[in-house]
Amino acid sequence: MAKPMKNVFKKPYAFGILYGSLLVSFSIFVLLDTFVIPKGITKVVEGETAEGTEGVTEEAAGGEALYTDSFYRDDKITVNITVTREYETQIYIADIKLKNISLLKTAFARNTYGRNIKQATSEIAEENKAILAINGDYYGFRDYGYVIRNGTLYRDNGNAAEALAVMADGSFQIFKEDSVSASSLLEEGALQVLSFGPVLLEDSTIMVSEDTEVGKAMLSNPRTAMGMVSPLHYVFVVSDGRSEESTGLSLYQLAMILQELDCSTAYNLDGGGSSTIWFNGKVINNPTDGRRAGERQVSDIVYIGY
Amino acid sequence: MTLSILDIKDREKRSCGNYIIIAVCCYFFSSIYNLFGHGVHSFYMDFLFLWPLLGAVWYLLVSFLHKHSGRISRNAMGAGTATLTAGSLLKGIFEIAGTSSPYEEIFFLIGMVLLAAGMISNLL
């Protein structure tokens with residue numbers, strides 16, 4: 001047994017072919033494990049709600065709704081969509097006023113928490129009967145970053161990044177994941193925690209410089225961000241980019257737009273090909289990854305709905 | 001004392017040349033990959049070519065030292081370089097995509113052990 005093994009090591013090509021095959025096979029497995037194979041699956045329990053948010057049901061929905069292509073209003077929710085053009089880019093702004101923080105929700109692709117579980121923003125929004133939806137932080141593409149959604153803790157494996165917590169009183173709180181535990185955040189009343197970044201505005205001050213970028217990416221990109229004007233008054237901003245019609249925004253430009261919209265706190269979410277805004281049953285921006293047009297499948301969405 | 005490139009033994013010269021070709025291929029691959037990365041760069045992708053280049057430099061050094069590289073040492077060197085290059089390639093892909101894998105370290109660990117084994121056995 002030992003002799004043939006030794007011979008493999010001595011033959012000019014046998015070892016190379018054997019080892020090369022093993023290396024290629026293992027590399028393919030690692031690629032599939034990272035990008036394709038779903039894992040760590042937890043089905044979201046139907047009707048799972050955060051403490052203090054129970055009782056918001058279809059019956060409790062805010063009465064008769066006025067719904068147009070750029071406007072929604074009922075007794076509890078007002079959404080106003082405006083489309084502007086700045087920095088050679090089409091920008092979609094949703095101004096949102098809520099009566100209750102439980103109306104700002106998040107949802108997972110296929111209603112399931114886990115890595116590599118993906119679905120288009122529009123499909124997740126439709127399945128959750130959303131009124132307005134944007135893509136979230138694509139938590140399922142990474143093994144780190146707190147995940148608290150609708151008052152339930154799914155991942156407490158943090159990193160040094162700054163994350164955004166939507167608190168039970170409707171305020172946005174910025175925190176460093178290495179300085180506060182996910183469970184203590186939950187105890188303090190965090191309903192949603194999104195971990196992408198960077199922080200764009202804090203105390204109405206721009207927190208990014210003109211050359212700040214996510215992972216040394218190009219300065220102009222499609223973007224998704226959410227900001228708080230005051231508790232229960234929020235802004236979702238999505239921009240097109242990487243196309244002939246729209247260059248895209250830098251993080252600094254995005255922060256300036258959110259500052260002009262009177263946001264005190266604002267946070268950057270997953271952008272690029274993921275950037276999608278869905279309203280009144282359709283995607284209203286032009287999602288593209290720069291190579292092909294259309295929605296990219298994502299792990300999660302942030303939405304307004306009952 | 002002056003040593004000419006002509007003094008390099010044929011086998012080492014061939015190995016050195018092969019590793020340089022692989023390094024050039026890696027350089028072109030990472031350059032092309034970067035063209036489609038929307039400006040996102042990774043150190044591991046940008047310097048992918050360094051592992052095979054290290055192999056080329058090693059064989060150049062070995063030939064100057066008049067050391068004989070046996071089959072086992074050459075296999076270990078080749079396997080180590082290939083593993084480290086594959087590890088760097090995958091880490092580069094993951095960093096550009098904005099993700100990571102717990103398996104990354106395995107490539108670097110095994111690659112370094114094989115590379116060190118190849119170098120040590122070459123010098124013995």
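Biologist: Where is Ile284(A) found?
Modeller: In this predicted model, Ile284(A) sits in the loop between E21 and strand E22 (297–298) of chain A.

Biologist: Why is Ile284(A) called partly exposed?
Modeller: Count the C-beta neighbours inside 10 Å: Ile284(A) has 17. Buried takes 20 or more and exposed takes 12 or fewer, so 17 falls in between and Ile284(A) counts as partly exposed.

Biologist: Which residues is Ile284(A) in contact with, leaving aside its neighbours within four places in sequence?
Modeller: Ile81(A), Tyr92(A), Ile277(A) and Phe279(A). As for Val83(A), it is 201 residues away from Ile284(A) in sequence, yet 9.5 Å away in space, C-alpha to C-alpha.

Biologist: Now the sheet. In what order do the 5 strands of chain A run?
Modeller: E6-E23-E9-E20-E21, an open sheet with antiparallel pairing.

Biologist: What makes E6 and E21 of chain A edge strands?
Modeller: Strand E6 (104–108) and strand E21 (282–283) each have a single partner strand, so one side of each has no neighbour in the sheet.

Biologist: How do you know that E9 and E23 of chain A pair?
Modeller: Pairing needs at least two bridges, and 5 bridges join E9 (residues 130–135) to E23 (residues 300–305), so the two count as paired. They run antiparallel, and Leu132(A) stands opposite Ile304(A) in E23(A).

Biologist: Over to chain B. Why are H3(B) and H4(B) called roughly antiparallel?
Modeller: Helix H3 (residues 50–64) and helix H4 (residues 71–97) of chain B pack at about 155°, with axes 8 Å apart. Anything over 145 degrees counts as roughly antiparallel, so the pair gets that label.

Biologist: Which residues in H3(B) meet H4(B)?
Modeller: Trp51(B), Pro52(B), Gly55(B) and Trp58(B), and on the H4(B) side they meet Met77(B), Thr81(B), Leu84(B), Thr85(B) and Ser88(B).

Biologist: How far does H4(B) reach from its first C-alpha to its last?
Modeller: 38 Å, close to the 39 Å expected at 1.5 Å a residue. After H4(B) comes Gly98(B), with a positive phi near 85°.

Biologist: And how many residues does each chain bring to the contact between A and B?
Modeller: Chain B gives 19 and chain A gives 22. The chain B side divides into 8 nonpolar, 10 polar and 1 charged.

Technical notes. Residues numbered from 1 in each chain as written. Chains lettered and ligands numbered in written order. Predicted model: local features only at pLDDT ≥ 70, side-chain atom pairs only at ≥ 80, totals over all residues. Helix = DSSP H or I, 4+ residues; strand = E, 2+ residues; numbered from the N terminus. Axes fitted to C-alpha atoms, helices over the stretch in contact; angles between N-to-C directions. Parallel < 35°, antiparallel > 145°, perpendicular 65-115°, else oblique. Contact = placed C-beta atoms within 7 Å. Expected span 1.5 Å × (residues − 1). Nonpolar A, V, L, I, M, F, W, Y, C, P; charged D, E, K, R; others polar.
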